[in-house]
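Open the model in your viewer and keep the selection panel at hand. The stops below say what to select and what is found there.

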Amino acid sequence: MEFTCLSEGKGFYYPPCHILDISGFRILLDCPMDLSSLLVFSPVPIDPNPIISNEKTSLKIDKPLDASSLICAQPRYRTVKNLILWDVSFIDVVLISSPMGMMGLPFLTRNKDFSAKVYATEVAARIGQLMMEDLVAMHKEYRQFYGPEYDSPEWMKWDELDSLPIELKQILFGADGAGFAGWMPLYSAADVKDCMLKVESLKYAEETCYNGTLMMSAFSSGLEIGSCNWKITCPKGSVAYISSSVFSPLTAMSFDYKSLQRSDVILYSDFSSCNAADNFEADNNVSNSRCFYMSFDWFIMSSLLSFLFTFLFISHYSDDDVNLEASIKLGSVDEYTEEMEKLNFICSSSIDFIKAGGSVLIPIGRHGIVLQLLEQLAVALENENMKVPIFVVSSVAEELTAYANIIPEWLCEQLQDRAVRGGQTFKAGQTSMAKIGKNRQQIELMMYLFPAIHSLKLLTNWQEPCIVFCPHWSFRLGPVTHLLRRWCGDPNSLLVIEKEVDAGLALLPFKPMEIDMKMKVLQCPFLSGITLQKSHQLLKLLQPKHVVFPEILRQHNKNNGHSETSFSFSYYKENEKVHIPYTKKDSELDIAEELVNQLQSATLTKQEMTIARLRGELVLEQGRQRLILGNDE
Amino acid sequence: MAIECLVLGAGQDVGKSCVIVKINGKSIMFDCGIHTGYQDHRRYPDFSLISANSGDFTDSLSCIIITHFHLDHIGALPYFTQVCGYNGPIYMTYPTKALAPIMLEDYRKLIFEGREEEKQFSSEDIAECMKKVTAVDLKQTIQVDKDLQIRAYYAGHVIGAAMFYAKVGDSAMVYTGDYNMTADRHLGAAQIDRLQLDLVITESTYATSYRDSKYVREREFLKVVHNCVAGGGKVLIPTFALGRAQELCMILDDYWEKTNLKVPIYFSADSFSGLTLQANMYYKILINWTSQKVKDTYTTRNPFDFKNVCSFDRSLIHAPGPCVLFATPAMISGFSLDVFKLWAPDERNLVTLTGYCGSGTIGRKLMVAKPPTRITLDDNVQLDVRCQIYQLSFSPHTDAKGIMDLVKFLSPKHVILVHGEKPKMVKLKEIIESELEIPCYHPANHETLHIPSTRRIEASASDAFLQSCLCPNFKFLKTDPRQDSELDDDSNNKRKMPQLQVCENRVAQGLLITLQKNQSRKVVTENELIDTIGTEIHEEKFAYCCPIYFPNSESRDISSFHLILFGKLSREFPDLNIQDCEDVIRIQSFVGSFCSKAKCPYRTDVSFQSVLDTVHFCCAWSMGDEELAWRVISTMKNLKLSDRIET
């Protein structure tokens, strides 16, 4: 078994990407796209004049970074660089573990040599498709502005690239300056459609078989609605691929770690804890800035509670299995309340700003968070008895919210319960659906879904102050660019973004020269993986024989005493092949009882064994090898 | 090993479905229904038969599986969990879990309300019972415990209906519950994988009927309704709140849309707290469980958002003008009876009977009535019935063809029929046994069946063995075209048959080693055996030094003789691979060469020490090639003069 990490990814929106060679088959794990690299481009200008003034004052090396230094061109999109080095035709299976993990898939499937089977959960596939369609729709604005793209755009020329500020170069060439590769023109809507035809969708825990040998099942990972971890079983053993997982998420079904128990090998691919490590540092610096709108432009929300809980959690730690499980659960409850608290905080801040006459702009791309936030905001507004409209502006808003309402099976317990008891899951999307239940309160709720910022219905219903949810979190695409331009000078308005987004660079084009943005920014870190403390307990509970960790966890594991564990482990680095031995030397074989019964065996007393000549037919089915009576002529 | 199957309900009967299956020591209860035809203890399955000695059901059952929310499949569940005290896992699909409490509550009110002494379970019991339920999705493989695995497949009968697959060790079975093999207006057809099964337990409600297209029957229904409202009549459709109501509503709503009818369609909203409206809410979020057609239209419009349907106010009973009213319950009592009393005397009106009506109910009376007539109501009041009566002819159950298709597709080793009437079951059993050659049973209630199950023996296999199994073993069969034309004059047929046919017949050959110590088994190839058991190879060989008549042997050299011999053998054995290298002839394990020794130990003709014109050829072979070796030797011995001349 061979494992190669192609990309460690970058947070929630750019999950890692790996290749696994197992019993003769090559499996690609996720095919994401790095949308944060869009930051090097300038959003579509309002009037074409700035472009002319943007003439390069040449030979100026390392010029300071400002709005004008961003590339004014139709953006290209950064795929997994190392994947290009692999022969597409040798990939047998592609496993998708989240909607984000399939954003780069059309680049792969439009290749003529692509012949692999793609598996994704039903919901990840659907949401992923909507996200890709939305991306294509948003990109159209660029195309309309710049016209059709030529083979090699001006900005990709060497001296042009060389004259860019160092911050942008770092994004373009990678942090190590390794190379400029993997920048592709965006796929078309037709590519997305073709791609979806190649995706085979599964339910959670549905077993699927590839070539009779590999059995694969997806189990909920809790990161996002429909996201999953994979368990791959072959006659020589089983492998669990653990991507970023959340034990007790707000919307998605919780992390189903029990189904991954007793896998022989665990491929640990949750990098979130590495990001979280520096999060804590940053938090310490600004944790006293809870009254953010008084003096701080940049605000990071932290909850001291989380630290308290962590300490409690560690002290409760015990070796006993039952306690382990209990402790994970205990921690999960905290996770849930902690995340809920973040949302409540966003809600209460939003209401404060609206009271002050400003509007709230929320360009968050996590659907689970958005749905839950819509819910909380609706409740908060109702409690305050405020008649403030909530607009959701996206080309797929209607489809997405409607879809979220018909998949109660894929949601967390709390929402499932609500569905079972009340026959509804989310308030969003119900407005367009509920007609019979006129007595329900949600009609009071002013929630509107619009496909685009220029749609007529939006213009007629528009009213400020308001709360707007819209894409895209990169601030380069979609309705958010226009709304931000409108509100960036308003000190009473609030922008809610995620901690993961490089706010400095992202908001650069919206800060006119030398003037700081007046709009207040709330930057919120959402949970997007297993915390380090829990990963330790989790692995104890899963009882694997071998674990493969990312290299960056080596130091942590040393500190945490992973060396005393019951399993062996190794580390992997980007673009380095790791050999993982099969835990069993021999494969399993089932022999039909009829066949065994007719055997004539001889006993070897010295060796204490019996031997018998065996003759039959080998059948490989559902990942099991069986020997049955052959049809001897 | 055997599968033990105890039928507690729906054996040669319809009602209180309940089957206990014990596979390799794991007991599973499939369905836990009530019999709506009985009012006494016969209403419930006889649970006492489950555990003969102890009364602890939690210990004796591994899990309960409920296929769908109809009362004859779920009705006794609250009783079993809350009164009998079963506390183990219960599995059902998400829609069933969502809709079952509505069904159970409806039933509880209907049967127990006002009859306190008979009360078997309360609202709280239903709620408590539902808390113990684990909801499952289709195709999800659920590991109930270490050995027991279950999986749900779409059954199409009502929303959320599922067939269940259960596997313990090597034995596997499917319990179908109720299913429909053809898609209807709002649900898809049953779907299942091809599985290796020891047993299929299938429903057989329509074991002998064959139905034609659903659309013909739908049209007929619409025509009757349309004619009635066109003539200013009112249509009463007494129905259960779930399933049938939604299907008919969809048909009518669709028809109304197409024909632009403006006649109002009502749902009765008062008597059962808007049960149907509540159910519609659920149908909307459960759209993924409906048919593909419904799902496809979903993005533009939720098909359960009935445009022409509104809720009914009691005051509207007396309102003039035509209308269509859905009223619960189906067998006409309670609210639907109130409406019926008012509307029945008018011959313009129509009553549509939608399903099964228990004996003694007004529904049953109407089924046989020929209006205009008079029927007796409960309180000995006579009622003039002049309205038309129409019986719906479509059903969400599969017909005989569907049952046969499913059984044929699954090809289990055994079939058990439940949920049907005995005479029909007998007929179907005969067809299954004769046409499909699968043993089939139709046990009565409380009967236990024992069915043998497959078992496999686990072993580990070496890589070399698996490699050797993958070696292709082609066989080429030449067909003689002349022979063909003699046998078969059909020229078309001849052209289809290629002259050379290739068939592949892979054989796995190896050795099974069983360690006496721990009975662990391992399969290896012959070559590996030596390493495994740690001994040396002892090979048995035969040798014979054969005298060959060869004139003038002294004057000729040995190599020319070799050529003669080789030529002869090649001609005699064209099929064999004969190797000639360095004065040694090899045919498989046969090795032969000239023997120049004066006293070869393998020589038999010792008496003639040196016969003129005779050379000796020393041969050796192993046991497997004995027959071949003797054929070769006899060929050599008969080496004729002619062979010599040719060279």
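**Stop 1: a salt bridge between the chains**

Select R455(B) and E593(A): they form a salt bridge, with the closest N and O atoms 4.0 Å apart. The rule is a side-chain nitrogen of Lys or Arg within 4 Å of a carboxyl oxygen of Asp or Glu. Across the interface of chain A and chain B this rule finds six salt bridges.

The model is predicted: local features need pLDDT of at least 70, side-chain atom pairs count only at pLDDT 80 or more, and totals for chains, interfaces and linings use all residues. Residues are numbered from 1 along each chain as its sequence is written, chains are lettered from A and ligands numbered from 1 in the order in which they are written, and side-chain values use heavy atoms, with hydrogens and water left out.

**Stop 2: the interface**

Now show both chains: 61 residues of chain A are in contact (heavy atoms within 4.5 Å) with 57 residues of chain B. About 5200 Å² is buried between chain A and chain B, and carbon and sulfur atoms give 53% of this area. Buried area here is the accessible area (1.4 Å probe) that two parts lose on being put together, summed over both.

**Stop 3: an exposed phenylalanine**

Select F476(B), which lies in strand β24 of chain B. Strands (E, at least two residues) are DSSP runs, numbered from the N terminus. F476(B) counts as exposed because its relative accessibility is 55%, the cut-off being over 50% (1.4 Å probe, protein chains only).

Note on methods: Helix = DSSP H or I, 4+ residues; strand = E, 2+ residues; numbered from the N terminus. Buried < 20%, exposed > 50% of the residue type's maximum accessible area, 1.4 Å probe, protein only.
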